[in-house]
Amino acid sequence: MTQLNDAKLEYNSVYHIYNCGINGCNLFISDDDYDRFLSKYSKYIEPIADTFAWCLLGNHFHIVVRIKNESEIKTLEELGLCDKKTTQAIPNKKPDPTRQFSHLFNSYSQYFNHKYNRHGGLFERSFHKKRIDNRSYFKRCLIYVHQNPIKHKFVERLSDYRYTSYNTVLSEKATLLKREKVLVLFENQLDFIEAHTELVSLEECFD
């Protein structure tokens, strides 16, 4: 595991990314807020990253993603993310993965501030990112992210929490989550469930 808080996200690299509300303020208050964040995540992040796990909580979130190879990412024009001037100046320009996260945070902040009549920054200025460079850490990190609702006492059972990918991994419904690549780390679904019963500590996950 490598800390890269001040570095740009690299192509074809896996990261644990997390951020929180500035000064610990809430990022999500109503169900609509969680849904709006996920909608914006779909717009800004899914085009440039594969998602393996995610969890949204009141004042912070965690995700585990692989930034795609540059060749896998469509151009801004193909994604409908640029104006005509940008297209004419740089016709094949592709979105920068690091900036896409900034776009996500800025867009959601505008929504949240307007809805709750607040001003100023919503997220901590620099989001945290730790590169995952081995299978063992990858597996522990997935479990850690899914266990957050229990750690923070939102629920007693992981399956009762809505805003996490835990249930999606166990579902058969269509999803953009890389479910098969998550399950291959475990013997089967039962092993996946059992692996989540023993809490993974923050220190263990980040060491």
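A helix crossing is left-handed if the near helix is turned anticlockwise from the far one by less than a right angle, and right-handed if clockwise. Keep that in mind for the tour.

This is a predicted model, where local features need pLDDT of at least 70 and side-chain atom pairs count only at pLDDT 80 or more, while totals for chains, interfaces and linings use all residues. Residues are numbered from 1 along each chain as its sequence is written, and side-chain values use heavy atoms, with hydrogens and water left out.

**Stop 1**

Select H1 (31–44) and H4 (97–116). Helices here are DSSP runs of H or I, at least four residues, numbered from the N terminus. Their axes, lines fitted to C-alpha atoms over the stretch in contact, come within 9 Å and cross at roughly 150 degrees. That makes H1 roughly antiparallel to H4 (over 145 degrees). H1 passes H4 in a right-handed crossing.

**Stop 2: where they touch**

Contact means heavy atoms within 4.5 Å. Show Phe-37 and Tyr-41, among the H1 residues that meet H4. On the H4 side, include Leu-104 and Tyr-108. By class, this contact has 8 nonpolar, 3 polar and 5 charged residues. Nonpolar means Ala, Val, Leu, Ile, Met, Phe, Trp, Tyr, Cys or Pro; charged means Asp, Glu, Lys or Arg; the others, Gly among them, are polar.

Methods: Helix = DSSP H or I, 4+ residues; strand = E, 2+ residues; numbered from the N terminus. Axes fitted to C-alpha atoms, helices over the stretch in contact; angles between N-to-C directions. Parallel < 35°, antiparallel > 145°, perpendicular 65-115°, else oblique.
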